[in-house]
Amino acid sequence: MKTAIYPGTFDPITYGHLDIIERASRLFDKIIITVAQNPTKSPLLSAEERVELIRKVLVDVDVDATLIVEPFEGLIVDFARKRKADAIIRGLRAISDFEYELQMALVNRRLYPKVSTVFLMPHEKYTYLNSSIVKEVASFGGDIENFVPPLVRETIENIYKQKRKKR
Ligand code: ADP
């Protein structure tokens with residue numbers, strides 16, 4: 001029974017994240033998606049909202065692995081140790097992700113040598129995608145259909161519609 005943790009902010013979850021979850025689910029029996037509060041990034045959605053949204057989106061994802069979604073704050077290696085996880089999953093989109101990710105992976109390995117970071121590359125069509133660009137497009141009323149599942153699209157578009165009304 002191999003367990004992996006997939007940590008992130010997921011503000012909001014995109015098709016890029018889902019691509020990584022599907023790939024990881026072919027390698028691991030259980031994947032725990034940990035949602036960081038990350039107040040420094042001033043997220044659009046609360047951690048609870050992000051957890052709820054991911055859970056709902058995952059209902060339509062057909063994979064063999066067990067998928068669990070939990071909010072989490074703190075050191076990911078502490079969580080990994082507690083849950084006896086074998087791996088931390090991270091997505092690598094471009095060279096620009098690499099330096100920071102390598103540093104994190106090496107620090108995490110120093111802190112908890114039993115855990116390995118596994119990097120997965122998404123489908124090429126998602127290499128340009130991140131949550132920030134989705135929010136930027138939606139904030140100007142652009143269509144985010146190709147970037148996020150329908151429920152996420154509806155949620156994010158509604159938030160920006162409300163914001164625009166208040167202006
Ligand atoms: P953070 O960058 O705050 O850790 P994110 O939610 O943005 O959180 O990302 C979580 C993980 O998912 C990271 O490893 C990131 O590289 C990866 N990821 C995000 N978007 C994509 C994408 N389009 N394709 C592949 N991996 C992605």
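Helices (H or I, at least four residues) and strands (E, at least two) are DSSP runs, numbered from the N terminus. This is a predicted model, where local features need pLDDT of at least 70, side-chain atom pairs count only at pLDDT 80 or more, and totals for chains, interfaces and linings use all residues. Residues are numbered from 1 along each chain as its sequence is written, while side-chain values use heavy atoms, leaving out hydrogens and water.

**Strands 1 and 2**
- Strand 1 (residues 3-8) and strand 2 run parallel, joined by 6 bridges; two strands pair if DSSP finds at least two bridges between them.
- Across from Gly8 you will find Val35 of strand 2.
- Strand 2 (residues 30-36) is largely enclosed by the rest of the structure, because 5 of its 7 residues are buried.
- Here buried means under 20% relative accessible area, exposed means over 50%, and partly exposed is in between (1.4 Å probe, protein chains only).

- Asn38 belongs to the loop between strand 2 and helix 2 (47-58), and its phi is near 50°, a positive value in a residue other than glycine.
- Ser42 lies in the loop between strand 2 and helix 2 and, although not a glycine, has a positive phi of about 40°.
- Ser42 is exposed, with a relative accessible area of 58%.

**Around Arg167**
- Look for Arg167 in the segment after helix 6 (150-166).
- Arg167 is exposed, at a relative accessible area of 74%.
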